[in-house]
Amino acid sequence: GASIVIFGAVFARTGVIEFPFYLLSAFLGFTTGFFIDYLLGYFGFSNLFKKLGMGQELERAKEKLKKMGGKAFLFGYFHPDVATLFVTAAGIIRLPLREFFIYNFLDGSFWLIFWSTIAYFFGEALIDLIRRFFIAVLIGSSVIWLVIRLLLERRNHVRI
């Protein structure tokens, strides 16, 4: 989803698509996707996360959502995987649908406008860098992801 936002904003800058159409379609996709995640949590499909080994992350998302309320969405939306966990957790704890839509609309709009603006102005340069250094970016991002994952696992084991 985040890569589509970046590419959409870049295409809007080049004139391939109109920027207002891009924003509307990106927002509709964003809200629809997170509404489906909310419903998955609401109707108990969250067990899939547990089977995929993400049960602890989902539990932490539920606790943060209970503690922080709507602010959790704002912080969570800056990372797509975390956002999915927060939205699914909102369904699990039966966050009222109206409240969910308000948070999703406000925080989602902020997220979309923030990243769309960055991608609109810097997206072509970013895509050019990725194209030139694809292998290095792929290896570098994989190593960073692995290190972060190992540090998180180590931290979780130390807490126990």
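## An all-helix predicted model

Val-10 sits in helix H1. Val-10 is buried, with a relative accessible area of 7%. Not counting residues up to four places away in sequence, Val-10 touches Ala-119, Gly-123, Glu-124 and Ile-127. One of these, Ile-127, is 117 residues from Val-10 in sequence, yet the two C-alpha atoms are 8.9 Å apart in space.

**Overall build**

The protein has 8 helices and 0 strands. From the N terminus on, its elements read α-α-α-α-α-α-α-α. The C-alpha trace spans about 50 × 40 × 25 Å along its principal axes. The chain has 160 residues, and 30% of them count as buried. The accessible surface comes to about 10,700 Å², and carbon and sulfur atoms make up 71% of that area. Take the contacts with a separation of 6 or more: 77% of them join residues 24 or more positions apart.

**Confidence**

Mean pLDDT for the protein is 81, and 92% of the residues score at least 70. Where pLDDT is low, predicted coordinates should not be read in detail.

**The nonpolar core**

Which residues have the most contacts inside the largest nonpolar core? They are Phe-73, Tyr-77 and Phe-100, in a core of 27 residues. Six helices each supply at least two residues of this core: H1 (2-14), H2 (19-42), H4 (55-68), H5 (70-76), H6 (80-92) and H7 (97-132). In soluble globular proteins, nonpolar side chains tend to be buried together.

Tyr-77 shows what such a position touches. Leaving aside neighbours within four places in sequence, Tyr-77 is in contact with Phe-30, Phe-34, Ala-83, Val-87, Asn-104, Asp-107, Gly-108 and Trp-111. Phe-30 and Phe-34 are among the buried residues of H2.

H2 has 24 residues, and at 1.5 Å a residue it should span 34 Å. Its end C-alpha atoms are 34 Å apart, so expectation and model agree. The buried residues of H2 are Tyr-22, Ala-26, Phe-27, Phe-30, Thr-31, Phe-34, Asp-37, Tyr-38 and Gly-41. Just after H2, Gly-44 takes a positive phi of about 85°.

H4 passes the same kind of check. Its 14 residues should span 20 Å at 1.5 Å a residue, and its end C-alpha atoms are 20 Å apart. How are the buried residues of H4 placed when seen down its axis? They fall within an arc of 160°, so they line one face of the helix. These residues are Gly-55, Glu-57, Leu-58, Ala-61, Lys-62 and Leu-65. The list includes Glu-57 and Lys-62. H4 is followed by Gly-69, whose phi is positive, near 65°.

Thr-88 lies in H6. At 0% relative accessibility, Thr-88 counts as buried. Beyond its neighbours within four places in sequence, Thr-88 is in contact with Asp-37, Gly-41, Ser-46, Phe-49 and Leu-58. Asp-37 and Gly-41 are among the buried residues of H2, and Leu-58 is one of those of H4.

Gly-91 is also in H6. Gly-91 is buried, with a relative accessible area of 0%. Its contacts, not counting residues up to four places away in sequence, are Tyr-38, Gly-41 and Tyr-42. Gly-91 and Leu-40 are 51 residues apart in sequence, but 7.1 Å apart in space, C-alpha to C-alpha.

Leu-39 and Arg-94 are 55 residues apart along the chain, with their C-alpha atoms separated by 9.7 Å. Arg-94 is in the loop between H6 and H7. Its relative accessibility is 46%, and Arg-94 counts as partly exposed. Phi of Arg-94 is near 60°, a positive value in a residue other than glycine.

The residue accessibilities given above are collected here.

| Residue | Relative accessible area | Class |
|---|---|---|
| Val-10 | 7% | buried |
| Thr-88 | 0% | buried |
| Gly-91 | 0% | buried |
| Arg-94 | 46% | partly exposed |

Note on methods. Residues numbered from 1 in each chain as written. Predicted model: local features only at pLDDT ≥ 70, side-chain atom pairs only at ≥ 80, totals over all residues. Heavy atoms only, no water. Core = buried A, V, L, I, M, F, W, Y, C linked by side-chain atoms within 4.5 Å. Buried < 20%, exposed > 50% of the residue type's maximum accessible area, 1.4 Å probe, protein only. Helix = DSSP H or I, 4+ residues; strand = E, 2+ residues; numbered from the N terminus. Contact = heavy atoms within 4.5 Å. Expected span 1.5 Å × (residues − 1). Arc of directions from axis to C-beta. Areas by Shrake-Rupley, 256 points an atom, 1.4 Å probe, with all protein chains shown as cover. pLDDT = per-residue confidence, 0-100.
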